[in-house]
Amino acid sequence: MSTASRHALETLLRGIDEIDCVTPDLNGVPRGKVMTAAGFLEGRRLQLARGVLLQCIMGGYPPARFYGSDDGDLALVAAPEQIHRLPWSEPPRALAICDAEELDGRSSGLSTRALLKRVLARYAQHGWQPVVATELEFFVFAPNADPQQPFQSPVGLDGRREDGGSAFSVSSGNGLRPFFAEVYRCMAALGLPRDTFMHEMGVSQFEINLLHGDALQLADQTFLFKHLLKEVGLKHGLAVVCMAKPLAYTPGSSMHIHQSVVEQGSGRNIFSAEDGEATPAFHHFIGGQQAALADFTLLFAPHVNSYQRLCHPYASPNNACWSADNRAAGLRIPASAPAARRVENRLPGADANPYLALAASLAAGLHGLEHELQPSAPIQGEFEVPEQLTLPCTMHAAIERLKRSELAVELFGAEFIEGYIASKTMELTSFYDEITPWERRVLAAQA
């Protein structure tokens, strides 16, 4: 570290005693250790058991063979550009997003941040750079102490709970203005540029669009933003929920990914020709998405609850069709100027790991570019999904599809795919260990 860099870091961390050193696990949950600021500045080595990256969402781990029979350590290496003071924290503390590296310096095959970096390096070999943006939807609820009870919207400043029908309203968030004011303040302090904000279709459901840019930076920003939401929510006595489908009879929450590819150096969008028309590369990218989305569904929809959203597909299309400005298509081409021509992947939910979702979507597009795959004909208006463009609609079906995917192993490595499947199988088994109220209510008296 240069003298100037060290001085800047010392200034950033002045008055701070502890730093949360975290890396995303397979589910995008921040995992890591808390380090003293003094140790961090000294560059002390920070290590973490390899198995932590495959930790199941409910706790527990798959067999040790999936992460090395000895369950040895990884090193957590802070990304210099992702060390932040946490503006909501009192007393002040900091957070560092870290890469998970093997002790010999290689990136870990179990790290989703490393997977995304490897996909981006493959683009760079062609002289290309993806440009992406994420749209994250989320619900803001009152605290929910009893998981047997449904979520409720919070009591606003007017003393009432929102009761729906507020989509796109600019005044419906008034009862939550103090919460959102702090969210915006914290975003600004962390350098998270927001593009647009809106009230979504659900009760107390909102969406923030992060400004388009470098894919790794956007993954870091989305990861940090989700952490920010939950932490600020707790300060305000609110529960911020990024489940894919937290309420019945209500639209779920997505994390749409907007994707284009530009030439390094010139910044020219390779999806648009000089005359403004779409290029063959644009169609090849879509062809790659269509070829891979079914295999990769579990990477975009990682939990049992994810399929509640996809099986009630209003504005949550569970298909690999593509269309110009049609929200019923899994791959939507938003209306735009040629320079901004892009492909919107509408499959991922808000519960997806942003690093893994971006890696999977961009790897699928690159697969199409490298193999010059041709997409199906575009659809428009109301349509029936062709069988070959349907996607798995249950977690079990998605696991089985990923198990059979040679493409997933080719793009992400057997170590990650096998470990991911092992953890997801444990999560599904845990879900089936419980009997739901619906089963007791309906089946007990009739079956």
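**Stop 1: R342 and its surroundings**

Select R342. Beyond its neighbours within four places in sequence, R342 is in contact with H258, Q259, S260, F271, F282, R332, I333, P334 and S336; contact means heavy atoms within 4.5 Å. This is a predicted model, in which local features need pLDDT of at least 70 and side-chain atom pairs count only at pLDDT 80 or more, while totals for chains, interfaces and linings use all residues. Residues are numbered from 1 along each chain as its sequence is written, and side-chain values use heavy atoms, with hydrogens and water left out.

R342 sits in the loop between β13 (331–333) and β14 (343–345). Helices (H or I, at least four residues) and strands (E, at least two) are DSSP runs, numbered from the N terminus. R342 is partly exposed, at 23% relative accessible area. Buried means under 20% relative accessible area, exposed over 50%, and partly exposed in between (1.4 Å probe, protein chains only).

Now show the side chain of R342. A polar contact of 3.0 Å joins it to the side chain of H258. The side chain of R342 also reaches the backbone oxygen of A340 at 3.2 Å. A polar contact is a pair of N or O atoms within 3.5 Å; within protein, one must be able to donate a hydrogen and the other to accept it, and residues adjacent in sequence count only if both atoms are side-chain atoms.

**Stop 2: helix α6**

Move to F282. F282 and R342 are 60 residues apart in sequence, yet 8.3 Å apart in space, C-alpha to C-alpha. F282 is one of the buried residues of α6. Select the whole helix, residues 280–292. Ten of the 13 residues of α6 are buried, so the helix is largely enclosed by the rest of the structure.

**Stop 3: the core**

Pick F138, F296 and F412. These have the most contacts inside the largest nonpolar core, which has 121 residues. Such a core is a set of buried Ala, Val, Leu, Ile, Met, Phe, Trp, Tyr and Cys residues joined through side-chain atoms within 4.5 Å. Helix α9 (residues 354–371) supplies the largest share of this core, eleven residues. Around F412, look for its contacts, among them L115, F296 and A363.

**Stop 4: E427**

Go to helix α12 (residues 414–432), where E427 lies. Is E427 buried or exposed? At 7% relative accessibility, E427 counts as buried. Its side chain makes a polar contact with the side chain of K424 (2.9 Å).

**Stop 5: salt bridges**

The whole structure has 22 salt bridges. A salt bridge is a side-chain nitrogen of Lys or Arg within 4 Å of a carboxyl oxygen of Asp or Glu. Select D20 and R93: their closest N and O atoms are 2.7 Å apart. This pair links distant parts of the chain, 73 residues apart, with D20 in strand β1 (residues 18–24).

Next, select D99 and R113. Their side chains meet in a salt bridge (2.8 Å, N to O). D99 lies in strand β5 and R113 in helix α3 (residues 112–125), so the pair ties together parts that are 14 residues apart in sequence. R113 is buried, at 1%. Salt bridges that share partners join E81, D99, R113, K117 and D220 into one network.

Methods: Expected span 1.5 Å × (residues − 1).
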